Amino acid sequence: MTSPQRQPLLHDLAVTLAAPTVVLSRPDGDLDAAAPGAGVQGLFHADVRAVSLLRVTVRPGGGTAEGDAGTVDSGTGRTDGDAGAARDDGWLPVVPVMNATDGPGRSRFVGLAQALGDAVPDPTVRVDRRRILNPGLLAEQLTVSSTATAPVRLAVRVEIAGDLVPLEHAKAGLAARRPLVAVAQLSSGTGVLSWGDGTTAVAVSAPDATPDAEHSTLTWTLTVAPGESVDLHLAVEVSEPDAVVTAADPRPTWRSPDVAADDRRLPALVAQSLDDLHSLRMAMTASPGDTFLAAGLPWFFTLFGRDSLWAARMLLPLGTELALGTLRTLAAQQGTRTDPATEEEPGKILHEVRRGAFDDGKGLVLPPVYYGTVDATPLWICLLHDAWRWGLPVADVEALLPALVAALDWIDSAARAGDGFLSYVDHRGTGLANQGWKDSADAVRFSDGRLAEAPLALAEVQGYAYEAARAGAALLDAFGLPDGDRWRTFAADLADRFRARFWVSDQQGPYPAMALDGSGRPVDAVASNMGHLLATGILNTDETAAVAARLAAPDMSDAYGLRTMSSRSGGYGPLRYHCGTVWPHDTAIAVTGLTRAGHPDVAARLIEGILDAAPAFDYRLPELWGGDARTDSPAPVPYPAACRPQAWSAASAIAFLTALTGLDPDVPAGRLRLRPTGPLPVGALTVAGLRIAGERLDVTIGSDGRVESVSAPGGLIVEEGAALRG
């Protein structure tokens with residue numbers, strides 16, 4: 001019986017990232033996509049695995065590439081022997097002892113050549129590996145150093161090959177393909193291996209190395225004197241002339257703030273998150289000056305409407321440049337026609353863009369440009385409005401007003417088609433069954449665990465639409481365009497319909513259902529969707545309090561963050577993708593709403609859960625993790641296939657800063673409000689170097705939640721929620 005293909009695991013791989021390129025390797029720095037249990041190892045460039053094998057071995061006494069390179073299995077490209085033991089051809093692995101990130105696009109690996117050097121217990125020959133990644137270019141420096149008492153003669157071999165499979169091949173858990181045949185040449189003392197398929201080309205160069213095309217190896221022979229070291233260099237260049245996405249402008253898109261807190265986990269989380277976000281910056285080839293954030297790697301290593309919008313929105317306190325690039329990029333591909341094959345509709349904001357069709361081999365087939373998302377369009381409007389309030393220049397806002405009007409018209413059209421609510425259905429049967437942020441096929445459930453049937457109207461999407469209608473009205477009024485009152489009326493009517501149709505009750509009291517199903521029945525699982533409503537304004541004071549109480553209850557909040565579904569609901573599982581796990585961005589959105597609505601104690605509990613989780617992931621927050629209770633597990637349980645880093649997970653660190661400080665700017669009105677969360681869960685907090693209207697903003701909050709100092713741009717009236725001291 002053939003076992004089903006499973007999505008490969010990611011959680012234990014070392015990541016080096018410089019979008020649109022990423023290396024996913026073992027902790028020793030090697031990668032071999034054909035090895036049993038390898039997961040999704042490889043050097044990926046956008047949607048292609050350019051390198052599927054990269055392995056460093058050593059051989060005592062020296063040797064040459066010819067005759068010493070080992071035999072190659074014609075099916076996999078792997079050399080004989082196990083990676084963790086001596087090979088029968090004399091080549092030995094480097095034994096790993098350390099690996100760590102070393103800044104954006106930088107990783108460091110330290111290993112030991114245990115068979116070399118003095119015959120004493122202490123290691124005397126080590127191999128340091130410095131990995132530097134830039135878009136389309138991997139550079140590795142291997143430093144062989146010796147403290148042995150006599151010169152050490154050895155050979156160092158790099159096996160490197162590529163299968164050039166598309167990303168969905170790896171995501172489906174399919175076996176690595178036979179590597180492409182390499183071409184070898186020796187030019188001016190530099191060994192070169194190259195391969196390609198007509199659309200992607202890979203060239204590997206290594207000064208002073210001997211290339212061997214038959215075995216796809218590069219070999220150095222060297223002698224290391226006592227107390228000395230020898231550096232070896234390897235470069236991998238990937239070119240894809242017809243790429244859809246490209247590297248962002250190398251200039252920084254934002255300035256990183258200085259963060260100090262009594263709880264040192266917060267500054268560590270912010271620092272690592274901003275490193276990751278810097279490396280996730282991308283641009284479309286058609287508009288290289290407009291930067292956005294790729295959603296996450298490796299599965300979502302491209303433009304995603306919803307993800308890129310949320311991440312840009314969370315990063316507004318660092319400046320409006322990323323928001324502008326994201327808004328422009330998505331407006332350039334805003335829908336103009338009705339096409340059921342791609343789910344395109346006039347005014348609609350897309351879901352994702354890829355080089356070619358995405359086919360996971362299990363029935364999901366997405367076109368290269370896919371519009372199957374119900375929430376990206378209102379979120380685009382909300383980002384434009386928020387960026388305007390954070391100081392996006394008037395000229396930049398004005399240029400996007402036609403896209404705003406088109407997006408509002410899409411909301412109106414979608415609501416008319418959905419019985420007054422924004423809903424969705426997969427028209428083709430091969431697209432996404434669910435088209436909100438919880439887009440797995442089993443994400444929307446009743447409290448007894450039954451799956452809801454489409455068309456579905458998600459609770460949070462109605463909140464987004466309400467917020468977008470009011471935000472759109474404010475922008476239309478401010479820029480002298482008609483229909484502001486129309487959209488305020490739309491929002492009020494939507495709130496009334498939502499109140500009448502979505503609210504349900506159980507033994508714990510009333511709460512919003514997560515959706516309405518195709519028959520109009522409330523889908524009554526208790527889920528985190530309700531947390532997204534808090535900041536939209538669609539709830540009144542009593543309703544907000546009811547939602548806050550639900551989120552505070554242990555069945556939602558006793559994990560390392562906010563659970564996506566109550567542990568008491570049918571269908572719950574701590575490692576079910578959208579039915580019980582914790583997603584940092586989901587928690588951050590709820591925290592934002594809780595602090596704005598005056599429920600800082602609940603927000604603090606959720607922030608503490610994320611901070612408790614962060615050290616277990618070396619402060620690089622993954623897409624999600626298990627929903628196990630903190631009292632049941634000493635650390636968060638990884639979701640093994642989670643993307644890491646993920647843009648909106650990393651951006652959550654800045655969202656938490658915003659919530660803790662209570663920043664609420666309105667640059668067009670000349671006002672900046674600060675409403676800290678009360679006693680801060682991180683103790684005293686100083687954030688210096690935020691940006692508002694292009695100028696610097698510094699804030700210090702005492703551990704009791706009182707504003708101790710604020711330095712804001714001139715011309716803004718600063719209103720504090722707590723009185724300034726002294």
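Me: In which hand does helix 13 pass helix 14?

Reply: A crossing is called left-handed if the near helix is turned anticlockwise from the far one by less than a right angle, and right-handed if clockwise; in this predicted model, helix 13 passes helix 14 in a left-handed crossing. Helices here are DSSP runs (H or I, at least four residues), numbered from the N terminus. Contact, meaning heavy atoms within 4.5 Å, is made by residues including Pro584 and Leu594 of helix 13 and Pro600 and Ile610 of helix 14.

Me: What can be trusted in such a model, and how are residues numbered?

Reply: Local features need pLDDT of at least 70 and side-chain atom pairs count only at pLDDT 80 or more, while totals for chains, interfaces and linings use all residues. Residues are numbered from 1 along each chain as its sequence is written, and side-chain values use heavy atoms, with hydrogens and water left out.

Me: How many aromatic pairs are there?

Reply: Rings of Phe, Tyr and Trp (its six-membered ring) pair if their centres lie within 6.5 Å, and planes under 30 degrees apart count as stacked, over 60 as edge-to-face and the rest as tilted; the count comes to 11 aromatic pairs. The rings of Tyr577 and Tyr639 have centres 5.5 Å apart and planes at 45°, so this pair is tilted. The pair links distant parts of the chain, 62 residues apart.

Me: Is Tyr639 buried or exposed?

Reply: Tyr639 counts as buried, at 18% relative accessibility (buried is under 20% relative accessible area, exposed over 50%, partly exposed in between, with a 1.4 Å probe and protein chains only).

Definitions and conventions:
Helices (H or I, at least four residues) and strands (E, at least two) are DSSP runs, numbered from the N terminus.
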